[in-house]
Amino acid sequence: MATFQTLPGFREFYPEDFARRNHIFRLWRQTANVFGFAEYDAPVLEPLELYKAKSGDEIEAQLFSFTDKGGREVALRPEMTPTVCRLVGARANALKRPIKWFSIAEFFRYERMQKGRGRCFSQFNADIFGEPGPEAEIELISLLIQCLCAFGLTDQDFYVRLSDRNLWFYYLEALGLDEARSRGILGAVDKLEKLGDDAFKDYEAAFGPMDPVLKAKVLALLEIKSLAALEQALGSIGSDKLTARLTDWRKLLGALDAMGLSPFVSVDLGVVRGLAYYTGFVFEAFDRKGELRALAGGGRYDDLVQKLGGPALPAVGFAIGDMTFALLLEQRGLMPAIVQAPDVYCVIGGEKERLAAFADIHALRAAGFRVDYPLRELAFGKQFKVAAETGAKLALIYGADEIAKGVVKIRDLTQRTEVEVPRGQAVASVRDFFTGA
RNA sequence: GCGGUCAUAGCUCAGUUGGUUAGAGCACAAGAUUGUGAAUCUUGGGGUCGCGGGUUCGAGUCCCGUUGGCCGCCCCA
């Protein structure tokens, strides 16, 4: 038993675990690349103030924060958004538009562990800056969907709930509510799924008893599941803001439909995402069975870059967490058993034969083939057993007989066939085998 | 921060009303086996029974505390 334990909520990645994580990161990165997003990274440690400025002083309780030796108040990053806002804000005038960035990074939050949540986790983050219209949402929501589909997940496995804080505000404004009351209503909507009627308690405490007519109108909006129903419910109100906003909705959903992504997207105004900084469309991805916490979440935050000291710059972004996502892949049997099989395993007679083998081993490796061999002398029978266990496609046999004849025996471990080739042609023969020649 | 539950080998788990030196399977390693495949057999390494205290002639077992895991609440950027 080790004397030292891993800190609570932290994870270790033994090679097998690392291979699984790599698989996830590789497909995320590949997907972001084909969507034309550029990868970036930034410090793990940031000024504590950066997070307080974005989320308020209370956030410190959820952070790994401390004072460094220079007396600076710092925190391990709990999310990427403030950081990326600072990066983009600092060079906003010099960056080529559109600004489409992504990152895959590790984050830290001082929280109690739960299924799908730890104190350290990785996130895929993607953001678009400088694009005020729904064109940015089109790119990001389609990227989000493809980031999950790349693993073999389908619309049977997950879906994206799409909502809009602007629509709520315009609607409540049309009903005669001021902004404070509207925010109160949104807070209640956020809690409605969990708390039921109790969700309105805070609102009633601040603004008095809930008007039953208003409540009915709010609940009616939550029932809407399609664009058509949305247009029917809101189009007739006669609000210019609502009418203009519905045009954005048509653009967004029309584009996603043209991509064939409609089966993944559901209109659901119950999603408001508590965060005060979201300013428009918001969306969250969930597993269809509803067994796991959110797979991904995001939305528009047009004011945040400026709030953090940059120029006024509209922005949309989302993040996918790795923990819940890995759980979903495992549930659906989509986490591949990753075997890091060598291309070639060398079977070696004795010390003399070993020297002969080294020439080919190094030449093959330099040519890009993955080659392995026993580090110590091993009985032939054992070596073939090991060769088979590693999953190698070919065995190259360097025995006393072969060396004497000036050949190498190449065994196809799958077909169980063997051929002899002259030494010096070993690399070429292996290359032919793997290129199908 | 709160509640429930659990903790024996790398993994999955046995371990009698408290009783000798704590076991099995898998995994790992060596050999049978110095020229051909995941088999079989033999052998081996690996444990402060999470940690600390208490009760007892005697504690893996009972009691208290503590640390950690899992599940849930709060929160969830």
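1. **Basis.** The model is predicted: local features need pLDDT of at least 70, side-chain atom pairs count only at pLDDT 80 or more, and totals for chains, interfaces and linings use all residues. Residues are numbered from 1 along each chain as its sequence is written, chains are lettered from A and ligands numbered from 1 in the order in which they are written, and side-chain values use heavy atoms, with hydrogens and water left out.

2. Helices (H or I, at least four residues) and strands (E, at least two) are DSSP runs, numbered from the N terminus. Helix α6 covers residues 179-195, 17 residues in all. The expected span is 1.5 Å times one less than the number of residues.

3. **Helix α6, ends.** Asp-178 caps the N-terminal end, with a side-chain oxygen 3.3 Å from the backbone nitrogen of Ala-180. Just after the helix, Gly-196 takes a positive phi of about 70 degrees.

4. **Helix α6, buried face.** Buried means under 20% relative accessible area, exposed over 50%, and partly exposed in between (1.4 Å probe, protein chains only). Ser-182, Ile-185, Leu-186, Ala-188, Val-189 and Leu-192 are buried in α6. An α-helix has 3.6 residues a turn, so residues three or four places apart point the same way. What covers the buried residues of α6 includes α5 (165-174), α7 (201-207) and α8 (212-222). Contact means heavy atoms within 4.5 Å.

5. Two strands pair if DSSP finds at least two bridges between them. Eight strands form an open sheet with mixed pairing, in the order β1-β5-β6-β11-β10-β9-β7-β8. β1 (38-39) and β8 stand at the edges with a single partner strand each, so one side of each is left without a neighbour in the sheet. Inside the order, β7 and β9 pair in the antiparallel sense over seven bridges. Leu-162 stands opposite Phe-283 in β9.

6. **Strands β2, β3 and β4.** β2 (residues 45-47) runs antiparallel to β4 (residues 73-76), joined by three bridges. Glu-46 stands opposite Ala-75 in β4. β3 (residues 65-67) is also antiparallel to β4, again with three bridges. Thr-67 stands opposite Glu-73. β3 and β4 form a hairpin with five residues between them, and Gly-71 in the turn has a positive phi of about 80 degrees.

7. **Salt bridge Asp-268 to Arg-161.** A salt bridge is a side-chain nitrogen of Lys or Arg within 4 Å of a carboxyl oxygen of Asp or Glu. The structure holds 30 of them. In one, Asp-268 meets Arg-161, the closest N and O atoms being 2.7 Å apart. Asp-268 lies in the loop between β8 (265-267) and β9 (281-287), and Arg-161 in strand β7 (residues 158-164), so the pair ties together parts 107 residues apart in sequence. Both residues are buried.

8. Asp-248 and Arg-245 form a salt bridge at 3.0 Å, N to O. They are three residues apart in helix α10 (residues 240-258), and about one helical turn separates them. Asp-248 counts as partly exposed at 21% relative accessibility. Arg-245 is buried, at 8%.

9. **A salt-bridge network.** Glu-402, Lys-409, Arg-411 and Glu-418 are linked by salt bridges. Between Glu-402 and Lys-409, the closest N and O atoms are 3.5 Å apart. Glu-402 is buried, with a relative accessible area of 8%. Lys-409 is partly exposed, at 21%.

10. **Backbone points to check.** Most residues other than glycine have a negative phi, and most peptide bonds are trans. A cis peptide bond joins Arg-97 and Pro-98, with omega about -5 degrees. Pro-98 is found in the loop between α3 (81-90) and β5 (99-108). Arg-416 has a positive phi, near 60 degrees. Arg-416 lies in the loop between β15 (407-412) and β16 (417-422). At 66% relative accessibility, Arg-416 counts as exposed.

Terms used
A polar contact is a pair of N or O atoms within 3.5 Å; within protein, one must be able to donate a hydrogen and the other to accept it, and residues adjacent in sequence count only if both atoms are side-chain atoms.
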